[in-house]
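This briefing is meant to be read beside the sequence and the structure. Please keep both in view while working through the points below.

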Amino acid sequence: MKSSMPPQAEILTITVDDFRAQQAEEVANDVFLQAEQILRSLGDTGGGRALARLIKALHGEGGLKFNDLLPLDSGNRSIALALIKEFLDERRSFDEWESLAELADRCVFHGM
């Protein structure tokens, strides 16, 4: 007699190290996640304000002068360029840009 039960599901196990490595890989491949982490770590510094101004400009809030980006160090400049590419390639929705701009407000401009 054939069982009517579905086949037993395979249980996947993952170690904490594997999970962290998977998360690190996802962050490395997602410019928005990188930008969020950088905004949180830089906060209200010259580099943080520069990145936040760029994000807000890409969202359509206010203007941006190229000189505004000068406080970015070389690592953060690559994130800025990647964000510009995301914008030009239209890879993100308006809501995603809005969410990132709101985070910039909270982390850098303290909700101003």
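In this predicted model, helix α5 can be checked against simple helix geometry: at 1.5 Å a residue, its 14 residues should span 20 Å, and its end C-alpha atoms are 20 Å apart, so the expectation and the model agree.

**Helix α5 and its cover**
- The buried residues of α5 are Trp97, Leu100, Ala101, Leu103, Ala104, Asp105 and Cys107.
- Helices α2, α3 and α4 are among the elements that cover these buried residues.
- Leu100 illustrates this cover: apart from residues up to four places away in sequence, Leu100 touches Phe32, Ala35, Glu36, Leu39, Ile55 and Leu83.

**The largest nonpolar core**
- The largest nonpolar core holds 24 residues, and the members that touch the most others are Leu39, Leu51, Ile55, Leu83 and Leu100.
- At least two residues of this core come from each of α2 (31-42), α3, α4 (74-88) and α5 (94-107).
- In soluble globular proteins, nonpolar side chains tend to be buried together.

**His59 in helix α3**
- His59 belongs to helix α3, which covers residues 46-59.
- His59 has a relative accessible area of 12%, and His59 is therefore classed as buried, because the cut-off is under 20%.
- Beyond its neighbours within four places in sequence, His59 is in contact with Phe94, Trp97, Glu98 and Ala101.
- The side chains of His59 and Glu61 are joined by a polar contact of 2.7 Å.
- His59 and Phe87 are 28 residues apart along the chain, and their C-alpha atoms are separated by 8.9 Å.

- Once neighbours within four places in sequence are set aside, the contacts of Lys56 are with Glu61, Ala101, Asp105 and Phe109.

**The chain as a whole**
- The chain has 5 helices and 0 strands, and its pattern along the sequence is α-α-α-α-α.
- Of its 112 residues, 31% count as buried.
- Among contacts between residues at least 6 apart in sequence, 64% join residues at least 24 apart.
- The accessible surface of the chain is about 8,000 Å², and 55% of this surface belongs to carbon and sulfur atoms.

Terms used:
Residues are numbered from 1 along each chain as its sequence is written. This is a predicted model: local features need pLDDT of at least 70, side-chain atom pairs count only at pLDDT 80 or more; totals for chains, interfaces and linings use all residues. Side-chain values use heavy atoms; hydrogens and water are left out. Helices (H or I, at least four residues) and strands (E, at least two) are DSSP runs, numbered from the N terminus. Buried means under 20% relative accessible area, exposed over 50%, partly exposed in between (1.4 Å probe, protein chains only). Contact means heavy atoms within 4.5 Å. A polar contact is a pair of N or O atoms within 3.5 Å; within protein, one must be able to donate a hydrogen and the other to accept it, and residues adjacent in sequence count only if both atoms are side-chain atoms. A nonpolar core is a set of buried Ala, Val, Leu, Ile, Met, Phe, Trp, Tyr and Cys residues joined through side-chain atoms within 4.5 Å. The expected span of a helix is 1.5 Å times one less than its number of residues. Accessible areas come from the Shrake-Rupley method with a 1.4 Å probe; for residues, only the protein chains shown count as cover.
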